[in-house]
Amino acid sequence: MTAISSQRIKKIISDPPWGATLEIKGWLKSKRDAKDFSFLDVGDGSCIQGLQVIADSSLVNYQREIKKLTTGCSLRIVGVLQKSPAQGQNAELIAQEISVYGWADPDHYPLQKKKQSFEFLRSIPHLRGRTNSMGAMIRIRSRLSYAIHQFFQERGFHQLHTPIITTSDCEGAGEMFTLTALDLDQLVASPAKKVDYSADFFGQKASLTVSGQLEAETYAQALGNVYTFGPTFRAENSNTSRHLAEFWMVEPEMAFCDLEGDMNLAEEMLQFLIADLVNSCPDDLELFNRFVDKSLMTRLAKIKEAFTRLSYSEAIDHLLASKQAFEYPVSWGIDLQTEHEKYLTDSLFQRPVIVYNYPKNIKPFYMRDNDDGKTVAAMDVLIPGIGEIIGGSQREERLDILQQRMAECGVAEESYQWYLDLRRFGSVPHAGFGLGFERLVLFATGLSNIRDVIPFPRTPGSAAI
Ligand code: 4AD
Ligand code: MG
């Protein structure tokens, strides 16, 4: 084998070193045989495009191997880069050497050239990353993740690693996965009908976190501005196209910040992330714009415009005045359903909408009471096609009011003394929000099912791979 360092196809295509001898390593996307040579389309995952390779019949292993190559085989190719005479194809590699790393039996390899449905691809999560669409999705996901860190770091936020194992239920919705080291089989067999968590690993009941917010609040009141970006877990039995049992959340938390500052940051962040993506991943986005959602690029471009902001009460008035027939009836006090959110974003305002000041009865204990006695300083960012993408609030910083809210919500004070301490010692107004990362990837790609924007989705009844 010729000793030469290999290059990624993305780099070769963006800045072609014409006439140079190059090595690439990747997987065969497709092959076409002509009389005395074959065209190989080889991809390496660095970008959506493959590189066309010309394999001449004079290659030593042409009859023995190259003619037998099929989609999915892994290859190493050394060749000379030249301008292609064919239209729509500006670079091609004239192969001097082709070696096969691994074969992919065409009778069993499930990803043949023909277009596969997203539903089918979900049944092979370990292989679907090799398709154009899933490859593009992961590159977009990766770039968004990078840009999130960039956005916060450039603004002086410090990243905080909040725990995954926790004993507090931030959202108070009782949707936590219990984490135990107890032997459940033995427990079932024992005569005691009650689980003794004091004998468990942590000496008390522990769960997987639903949000890093409460812990982020502690460090916001030490470092000013922090953010956490990690996996969160919810045992909510909603088998919808927008819910996962394991999803990633970005949660900034800011000291000396009110609800308006919170909304400003959320809007600025979404605009930054989408602008960065349009700049960095045009080819991957173009794929989704062509094959998944033809209005994608228009929608992404429109995010530059100011979001509509309205109070919950105003939102209810708009819904009541609408001619649309909703499945869930509208009245002041209801939690907005997806159909209501989509009416506001897709029909009425045709842009992202921030709804603030929700009724306190439908929101968790930590949100700041408004003076009207009915609402709390909450805000949700709703976006076209999806509905809620961000949920946030100003936090209750007044000790007595927080204690009263905890009592009303049935949250036991004993377990939250540390949280109350933050209100006892140097309490400050503060606010934050949580961005559902997969919902952001849905918005960015135009894909419609949340199972298609995370490599290994966890949903009710499904966590096989
Ligand atoms: O509105 P949520 O429940 O807010 C919180 O957890 C706050 N503690 C955040 C904070 O203020 N720091 O969740 C935030 C976002 C939602 O707007 C949604 O985008 C996403 O997380 N989300 C989910 N995404 C996928 N699957 C689920 N089951 C989700 N539940 C919430
Ligand atoms: Mg919410």
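This is a predicted model: local features need pLDDT of at least 70, side-chain atom pairs count only at pLDDT 80 or more; totals for chains, interfaces and linings use all residues.
User: Which residue of strand 9 is the bridge partner of Leu179?
Analyst: Strand 8 runs antiparallel to strand 9 (residues 206–208), and two bridges join them. Within strand 9, the bridge partner of Leu179 is Ala206.

User: Are helix 3 and helix 13 roughly parallel or oblique to each other?
Analyst: Helix 3 (residues 132–154) packs against helix 13 (residues 437–445) at an angle of about 120°, and their axes are 10 Å apart. Angles of 65 to 115 degrees count as roughly perpendicular and those over 145 as roughly antiparallel. The relation of helix 3 to helix 13 is therefore oblique.

User: How many charged residues are in the contact of helix 3 with helix 13?
Analyst: From helix 3, the residues Met137, Ile140, Arg141, Leu144, Ser145 and Ile148 meet Phe437, Glu438, Leu440, Val441, Ala444 and Thr445 of helix 13. By class, this contact of helix 3 with helix 13 has eight nonpolar and two polar residues, and its charged residues number two.

User: Is helix 9 roughly parallel or roughly perpendicular to helix 10?
Analyst: Helix 9 (residues 312–321) and helix 10 have their axes 11 Å apart and pack at an angle of about 80°. That angle makes the orientation of helix 9 to helix 10 roughly perpendicular.

User: Which residues of helix 10 meet Ala315, His318 and Leu319 in helix 9?
Analyst: The contact of helix 9 with helix 10 has five nonpolar, two polar and no charged residues. On the side of helix 10, the residues that meet Ala315, His318 and Leu319 are His340, Tyr343, Leu344 and Leu348.

User: Is Phe256 buried or exposed?
Analyst: Phe256 is placed in the loop between strand 11 (246–255) and helix 6 (259–280). Its phi is near 55°, a positive value in a residue other than glycine. Most residues other than glycine have a negative phi. The relative accessible area of Phe256 is 66%, and exposed means over 50%, so Phe256 is exposed.

User: What is the phi of Gln350?
Analyst: Gln350 is found in the loop between helix 10 (338–348) and strand 13 (353–359). At 49% relative accessibility, Gln350 counts as partly exposed. Although Gln350 is not a glycine, its phi is positive, at about 50°.

Methods. Residues are numbered from 1 along each chain as its sequence is written. Chains are lettered from A and ligands numbered from 1 in the order in which they are written. Side-chain values use heavy atoms; hydrogens and water are left out. Axes are lines fitted to C-alpha atoms, for helices over the stretch in contact, and angles run from 0 to 180 degrees between N-to-C directions. Helices (H or I, at least four residues) and strands (E, at least two) are DSSP runs, numbered from the N terminus. Angles under 35 degrees count as roughly parallel, over 145 as roughly antiparallel, 65 to 115 as roughly perpendicular and the rest as oblique. Contact means heavy atoms within 4.5 Å. Ala, Val, Leu, Ile, Met, Phe, Trp, Tyr, Cys and Pro count as nonpolar, Asp, Glu, Lys and Arg as charged, and the others, Gly among them, as polar. Buried means under 20% relative accessible area, exposed over 50%, partly exposed in between (1.4 Å probe, protein chains only). Two strands pair if DSSP finds at least two bridges between them.
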